[in-house]
Amino acid sequence: MKTFVASIVAAVAFIPATLAVQANPLPIPQHIEWGHSGPIAIDHHLSFHAPKNAILSDAIKRTTKLIWKEKYEPVVVQGPPANYTPFPTLSQSKRGVKHTLKKIDVVVTDLKADLQAGVDESYTLDIPAGNTGVIKAKTVWGALHALSTLEQLVISDGGSGLEIEEPVSIKDSPKFIHRGVMLDTGRNFLPVEAILRQIDALAWAKLNVFHWHIDDSQSWPIDIKAHPEMTKDAYSKKFTYSHADVKKIISYAKARGVRVIPEIDMPGHSSSGWKQIDPKIVACADSWWSNDVWSLHTAVEPNPGQLDILYPGTYKAIESVYNELSGIFSDDYFHVGFDEVHQGCYNFSSLVRDYFKADPSRDYTDLGQYFIDHALPIFQNKKDRRVIMWEDVITAIGGVTAKHVPKNVIMQTWNNGPNNTKLLTSQGYDVIVSSSDFYYLDCGHGGWVTNDPRYNVNYSPALDASISDAFAADPSTAYSPTTYNYGGAGGSWCAPYKTWQRIYDYDITVGLTAAEAKHVLGGETPLWAEQNDATTVDSKLWPRAAALAESLWSGNRDASGKKRVNQATFRILEFRERLVGRGVGAAPLQPRYCLKHPHACDLMYDQNAVIA
Amino acid sequence: MKVAVISAAIATALFAVPSVAIIDTFLWPIPQSLSWGDGKLNIDNSFKFDAPNVPELQAAVARYKKLIWKERWTSVQVPFGNATTQNHASHGKLKSISISIKDKKADLSPDVDESYTIDIPENASTGTITAQTIWGAMHGLETFSQLVKATSDSHNAGLYVAKTPVKIKDAPKFPYRGIMLDTARNFYSVDDILRTIDGMSYNKMNVLHWHITDSQSFPLLLESVPELGDKGAYTLHGKRLGYTKSDVKRIIKYARARGVRVVPELDMPAHTASWKGVEGITTCTEQFYLDPTNDWGNRYANEPTAGQLNPINPKTYEIVNKVIDEVTSWFDDEYYHGGGDEPVNHCWQDDKGVSDYMQKNNVTGDDLLETFLNKELATIKKNKKTAILWEDAVTSLHLNIPKETILQVWTGSIKDAVQAGHKVIASSYNFFYLDCRSGNWNGNDTTVDEQVPPTVPQKLQDYINNNYPDWAGNLIASPNFGGVAGDWCAPFKSWQRVYSYDVTYQLTKEEAKSVLGGEVALWSEQSDSMTLDMKLWPRAAAAAEMLWSGRYDSTGKQRDIGEAMPRMFDWRYRLVERGLRAEPIQPLWCGKNPHGCDLNYPWVFTHPNDGGGY
């Protein structure tokens with residue numbers, strides 16, 4: 001029932017021939033070359049000869065266990081659209097196995113390189129026609145990626161054994177050093193196991209950052225020994241992370257090549273937890289968020305609360321909380337927030353009111369600067385510490401911003417697409433791209449604030465004829481008048497829903513000079529949790545985060561520079577099946593029919609439609 | 001991060017003060033009539049139901065006895081403000097509920113009486129449930145289970161009923177309260193379906209409309225025409241994803257035990273590429289759904305993959321008759337859904353035999369459709385079933401279809417269908433399509449590759465700025481920026497939107513009688529086992545209340561979404577506890593801070609003593 005597709009005339013063109021093998025790892029390696037001599041069986045006692053290293057030997061054990069447990073049978077049929085010459089499939093006439101892979105030598109040059117931003121993640125993986133394969137990597141972390149590729153090359157031989165379909169040679173490394181997912185455990189809680197499961201999937205997709213937005217104004221779920229009272233604002237005793245939980249998450253992630261970057265969002269989005277230390281720390285905690293009188297709003301969503309920038313106790317509290325967490329989290333990066341700091345909230349602070357009264361030349365940028373000047377020295381108390389902030393500190397319109405933010409602070413951009421990336425990189429900031437137009441996984445899901453009268457509309461409201469005429473008068477425009485419930489956003493501020501293709505097609509360095517592009521560290525896809533918890537996390541993240549993974553690891557274009565989303569379709573469909581088999585409840589992207597009928601479910605017949 | 005909420009002048013919605021007093025027990029759907037006291041009656045460890053010896057009822061009683069002791073519910077939602085009064089503990093203990101039934105034989109039919117009453121005294125040891133039929137009694141048991149809560153005190157870990165005496169008198173507003181599940185685009189296991197039936201019974205929903213087959217797959221393993229399932233069912237890792245007769249029987253039995261009817265649909269004549277197991281009965285089979293011009297007017301189907309039953313081939317009718325004969329013999333419900341949606345004439349014209357026939361006999365595609373549907377309806381009637389069809393043939397094509405056919409309205413107007421003389425099931429995609437918003441699912445989607453918002457032409461912008469200043473940032477959208485991103489039925493239908501559907505909107509009293517009820521639909525292009533629960537729940541529950549309790553209460557007042565909110569919040573957590581992975585509708589903070597997450601300033605904040613707003 002459904003689909004009204006815009007009619008776009010396009011020429012039919014041939015696509016380049018694809019691989020003659022079924023294995024199709026995601027992200028696709030930078031260079032992959034298959035041989036033609038036939039399948040290589042995997043010996044039941046396949047051994048890895050690797051240097052002594054605990055992380056590496058754990059990873060090898062995992063890989064060995066996984067490939068035999070998974071015994072993966074590829075699901076997706078690859079090939080050109082049906083009207084072309086049928087694609088030869090190997091499964092029908094299997095050639096005899098000539099070789100058996102008995103051993104893989106693992107060579108790592110630098111066993112000591114720590115898992116930190118920019119660590120070398122490159123690797124080569126060679127499975128020649130013979131019985132010995134080779135993995136070479138500069139670091140353990142590169143070797144881990146080689147193993148995750150290997151896991152996706154190995155498939156069932158149709159019987160009880162495993163094979164790699166053809167000899168294969170891979171040389172691989174990431175385009176971007178920062179490839180992440182942000183999870184929000186402040187709006188709704190995620191149990192430790194749910195987080196660990198996401199980390200498994202991150203590693204399989206070669207994503208290397210888990211950005212943990214731990215708290216928000218709604219709840220404070222993490223134990224702080226210096227202030228045990230803070231978890232009074234956890235949703236319940238069960239909904240807290242102990243130090244042991246945090247350490248478990250960090251070491252689990254590290255064993256899989258995933259960095260854990262904590263975020264404590266300050267001074268905005270701060271109420272729960274902080275107000276237990278000292279209610280004076282938090283301004284406007286008891287205010288109505290005031291969507292209805294927008295000029296007075298104290299927050300963009302319930303519940304309000306911001307750290308009082310001028311109250312000395314604020315910095316004492318920040319220091320003790322920060323130092324404790326800084327001691328647990330091992331990553332050099334630490335995210336301190338500065339997201340959406342609202343002026344209206346500070347109308348509730350007598351200190352702020354007096355501050356402005358005392359000197360009428362002061363404005364909110366002075367207030368923002370006060371916070372930067374007093375808090376940043378606390379944050380930057382370690383040699384290798386890199387502080388991350390949301391871009392709002394620089395770019396927020398009508399919010400609290402600062403005049404001078406040191407250039408060594410990394411900016412995470414989420415507004416205004418490529419324009420803000422350019423703005424920030426041109427000023428010399430390193431940037432993590434999380435554009436809400438592309439990467440926000442929570443979008444398009446309707447509104448969640450309640451008692452919303454706007455839904456109670458039974459017939460599509462008639463548009464004023466003059467407005468329809470105005471749009472009709474300009475047929476060139478891609479815009480159309482929409483109403484809330486009919487083709488509109490339905491209450492989602494960042495509608496529409498971001499499909500995997502939308503995520504995949506984002507060029508995060510579009511419009512930048514070469515020098516500016518160097519400042520783009522990579523990207524992150526955030527999953528804000530107003531409408532997400534353990535029941536939905538797998539299907540909201542996966543397989544869409546895998547689209548980001550390929551786009552940031554090996555790029556969204558082929559060797560000739562064309563967008564390759566149409567080839568990535570096969571990979572992401574297959575990867576989704578693997579995720580489900582491996583225990584992650586990833587959402588289906590299409591009817592299963594489409595997995596068996598290459599390109600039958602394309603929107604456009606023209607295989608070169610997406611190229612720019 | 002982020003609700004840039006539209007600040008357009010929205011009048012603050014004041015909620016009315018309904019008659020129900022504040023309570024920390026949350027019922028869903030809300031009974032038609034409900035009165036509470038302020039007692040607290042503990043439930044004795046030996047608590048039992050005394051019920052007449054009807055097997056289905058005895059099974060239900062055993063189920064609910066197990067459920068209340070296992071669930072041990074403590075509310076997640078916090079009651080509002082100072083309206084909570086301390087319950088005074090009763091001296092007695094509730095030892096039994098006595099169930100009496102007027103008509104023990106009444107079958108689970110479309111017009112069966114589902115009413116019930118509950119009476120839990122303040123102190124006495126026995127409560128009662130009365131009902132006309134066992135099916136009504138099952139609803140009574142469900143409501144009773146929602147009244148039962150556990151003490152959070154671990155030393156005194158008992159169950160109790162709060163706010164005794166409790167008196168409830170309840171009956172559904174609409175006899176047809178359904179969920180449509182599409183098992184053809186993607187497959188669901190039998191367990192998935194059984195779990196969905198559990199969820200339906202918790203919500204007093206009584207019809208599972210099973211959209212079994214579609215163009216993509218034919219998962220029904222029929223015995224009379226086995227080649228349909230052999231060739232048409234999906235396989236995964238060597239396993240056929242199909243339903244055997246015993247699977248179907250199991251589902252029907254399980255559903256019946258819970259007061260849920262199962263209505264099968266094998267969509268035809270469109271949506272049938274998967275019937276390819278029988279040679280020659282389909283046209284444009286598995287054609288790409290567009291032709292190379294990509295012109296929508298030349299499409300073969302509304303989505304991949306194309307294929308329709310050949311309306312002039314006698315073999316087609318031979319197979320159709322066999323299929324309907326067998327399916328109607330498996331499914332014992334009085335209703336049978338004959339499909340009939342989205343026929344595309346081009347798919348028939350593509351077949352030389354059909355196009356020659358059309359030319360020779362001077363008939364149109366619509367004529368062929370009318371002939372096909374009437375033959376199909378005759379076969380359904382021969383099998384003693386009442387037929388349901390998607391409305392398309394009547395409301396958009398104005399074909400001659402017998403009035404006794406129930407129409408399921410998804411895109412047209414209910415009024416049109418009613419005025420054409422049909423009974424109606426309401427499934428407006430604007431309210432009840434639960435698949436909307438997931439974005440376009442076709443591959444090779446060129447439209448999403450747009451890095452920055454398109455420019456609004458200056459002339460247009462000036463016009464909007466001058467004449468419609470409120471529209472400037474909010475109400476114009478391009479596909480990737482605020483728009484629908486290729487999703488034909490965006491936006492997402494939030495539970496509040498589902499709840500707002502008034503299925504008798506602007507109908508006369510007489511016309512309203514033709515509305516049997518409604519059905520939320522989950523089309524499965526982007527759903528399977530992994531997402532089923534979160535797509536259905538708790539939004540289907542919003543429909544359940546609208547269809548059971550009604551959009552209007554007994555005094556004729558429109559039900560208030562603000563009143564429903566805390567009950568819905570608690571209910572979602574209860575569904576999760578009962579094994580359905582219902583999705584969260586808000587941060588948990590919102591349940592702990594009543595009304596704190598309302599869109600507009602809560603009226604109750606300034607009127608704390610007016611019954612807490614309830």
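**Labels and their cut-offs**

Guide: The charged end of Arg572(B) sits over the ring of Tyr573(B), 4.6 Å from its centre. This is a predicted model, in which local features need pLDDT of at least 70, side-chain atom pairs count only at pLDDT 80 or more, and totals for chains, interfaces and linings use all residues. Residues are numbered from 1 along each chain as its sequence is written, chains are lettered from A and ligands numbered from 1 in the order in which they are written, and side-chain values use heavy atoms, with hydrogens and water left out.

Visitor: What makes a charge sit over a ring?

Guide: NZ of Lys or CZ of Arg must be within 6 Å of the ring centre and within 35 degrees of the ring normal. Arg572(B) is at 4.6 Å from the centre of the Tyr573(B) ring. In chain A, Lys206(A) lies over the face of Trp553(A), 6.0 Å from the ring centre.

Visitor: How many aromatic pairs does the structure hold over all chains?

Guide: There are 49. Rings of Phe, Tyr and Trp (its six-membered ring) pair if their centres lie within 6.5 Å; planes under 30 degrees apart count as stacked, over 60 as edge-to-face and the rest as tilted.

Visitor: Why is the pair of Trp414(A) and Tyr440(A) called stacked?

Guide: The ring centres are 6.2 Å apart and the planes of Trp414(A) and Tyr440(A) stand at 15°, so the pair is stacked. Trp414(A) is in the loop between β16 (410-413) and α11 (417-426) of chain A, and Tyr440(A) in the loop between β17 (431-433) and α12 (465-472) of chain A, so the pair ties together parts 26 residues apart in sequence. Helices (H or I, at least four residues) and strands (E, at least two) are DSSP runs, numbered from the N terminus.

Visitor: What about Phe187(B) and Tyr243(B)?

Guide: Phe187(B) and Tyr243(B) are also an aromatic pair that is stacked, at 4.8 Å centre to centre and 25° between the planes. Phe187(B) lies in the loop between β9 (176-182) and α3 (190-202) of chain B and Tyr243(B) in the loop between β12 (239-241) and α5 (245-257) of chain B, so parts 56 residues apart in sequence are tied together.

Visitor: How do you know whether Phe187(B) is buried or exposed?

Guide: Buried means under 20% relative accessible area, exposed over 50%, partly exposed in between (1.4 Å probe, protein chains only). Phe187(B) has 17% relative accessibility, so it counts as buried. Tyr243(B), at 0%, counts as buried too.

Visitor: Which side chain makes a polar contact with that of Glu342(B)?

Guide: The side chain of His271(B), at 2.9 Å. A polar contact is a pair of N or O atoms within 3.5 Å; within protein, one must be able to donate a hydrogen and the other to accept it, and residues adjacent in sequence count only if both atoms are side-chain atoms.

Visitor: What makes β1 (residues 33-35) of chain B and β8(B) a pair?

Guide: Two strands pair if DSSP finds at least two bridges between them. β1(B) and β8(B) have three, in the antiparallel sense.
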